Structure formats: C-alpha cells, structure tokens
Amino acid sequence: LHGRLEVLQLDYCAKIGDDLFSYITTKCPNLKVLSLRGCSSLTAIKGSFFNPLLEFPCLTTLDVSNCINLNTLQIRAPSLQTLVGKHNPKLTKVEY
C-alpha cells in the first residue's frame, strides 16, 4: 500500500480480515474510494477500544455490499458522499 493511493478495490476477497483497516488508514491517508463488496470474512470495520471510529479523512465512497457477516461499521469520514451497503443481513451498528 502507498500513501498516495486513492482507490482500493478488494471485492470478494474472502481472506480480508477485520484487522486490516487500521493498517489501511495508516498507510493510505489519501484514500478516496474503498470497495469491499462480498468480503465474507469481515465482521467489523472499526477502530480500537479507546478510539472506536476509524479515521478516513479523504474517503468519499465506501461499498460494503454483500459482506454477509459484517455487523459493525464505525468510521469517521467527513468527506463521505456515498455509502453502499446492500444485502448485509447482520449489519446492526453503523456510525460515521
């Protein structure tokens, strides 16, 4: 991952785990588009106990559609314009 990366598509990567997101926010501060469609291993996209919201300062588009095990989405994304989350039967907590 690179600091100037603006678009990251990880669609249908079954091995993407919850622990990846703190790494992405650290290494890709300029990320504008993040697509995680169909990542069935995801259960939570969130920060730590003391800082529960992941920081995505430049993120404008997030797609978490068909992440069938995703139950929590907690991000701070002041530039977010589009959030797509179709077919997420377990998603009960969304905070952004």
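Four salt bridges are counted in this protein chain, and the model they come from is predicted. One of them joins the side chains of Lys-32 and Glu-6, with 3.9 Å from N to O. That pair links distant parts of the chain, 26 residues apart. Let's walk through the charged pairs, then look at the nonpolar core and the confidence scores.

**The Lys-32 and Glu-6 pair**
- Lys-32 sits in the loop between α1 and β2 (33–35), while Glu-6 belongs to the segment before β1 (7–9).
- Lys-32 counts as partly exposed because its relative accessible area of 36% falls between the cut-offs of 20% and 50%.
- Glu-6 is partly exposed too, with a relative accessible area of 38%.

**The Asp-63 and Arg-37 pair**
- Asp-63 and Arg-37 form a salt bridge in which the closest N and O atoms are 3.7 Å apart.
- This pair also links distant parts of the chain: Asp-63 lies in strand β5 and Arg-37 in the loop between β2 and β3 (44–45), 26 residues apart.
- Is Asp-63 buried or exposed? Its relative accessibility is 11%, so Asp-63 counts as buried, the cut-off being under 20%.

**The Glu-55 and Arg-76 pair**
- In the salt bridge between Glu-55 and Arg-76, the closest N and O atoms are 2.5 Å apart.
- Glu-55 comes from strand β4 (residues 54–55) and Arg-76 from strand β6, so to speak a link between distant parts of the chain, 21 residues apart.
- Both ends are partly exposed: Glu-55 has a relative accessible area of 35%, and Arg-76 has a relative accessibility of 38%.
- Salt bridges with shared partners also join Asp-11, Arg-37 and Asp-63 into one network.

**The nonpolar core**
- The largest nonpolar core has 23 residues, and Leu-36, Ile-45 and Ile-75 touch the most other members.

**How confident is the prediction?**
- The protein chain averages a pLDDT of 93, and 100% of the residues score at least 70.
- Among the elements, strand β5 (residues 61–63) has the highest mean pLDDT, at 98.
- Helix α1 (residues 20–27) has the lowest, at 89.

Key
Residues are numbered from 1 along each chain as its sequence is written. This is a predicted model: local features need pLDDT of at least 70, side-chain atom pairs count only at pLDDT 80 or more; totals for chains, interfaces and linings use all residues. Side-chain values use heavy atoms; hydrogens and water are left out. pLDDT is the predictor's confidence in each residue, from 0 to 100. Helices (H or I, at least four residues) and strands (E, at least two) are DSSP runs, numbered from the N terminus. A nonpolar core is a set of buried Ala, Val, Leu, Ile, Met, Phe, Trp, Tyr and Cys residues joined through side-chain atoms within 4.5 Å. Buried means under 20% relative accessible area, exposed over 50%, partly exposed in between (1.4 Å probe, protein chains only).
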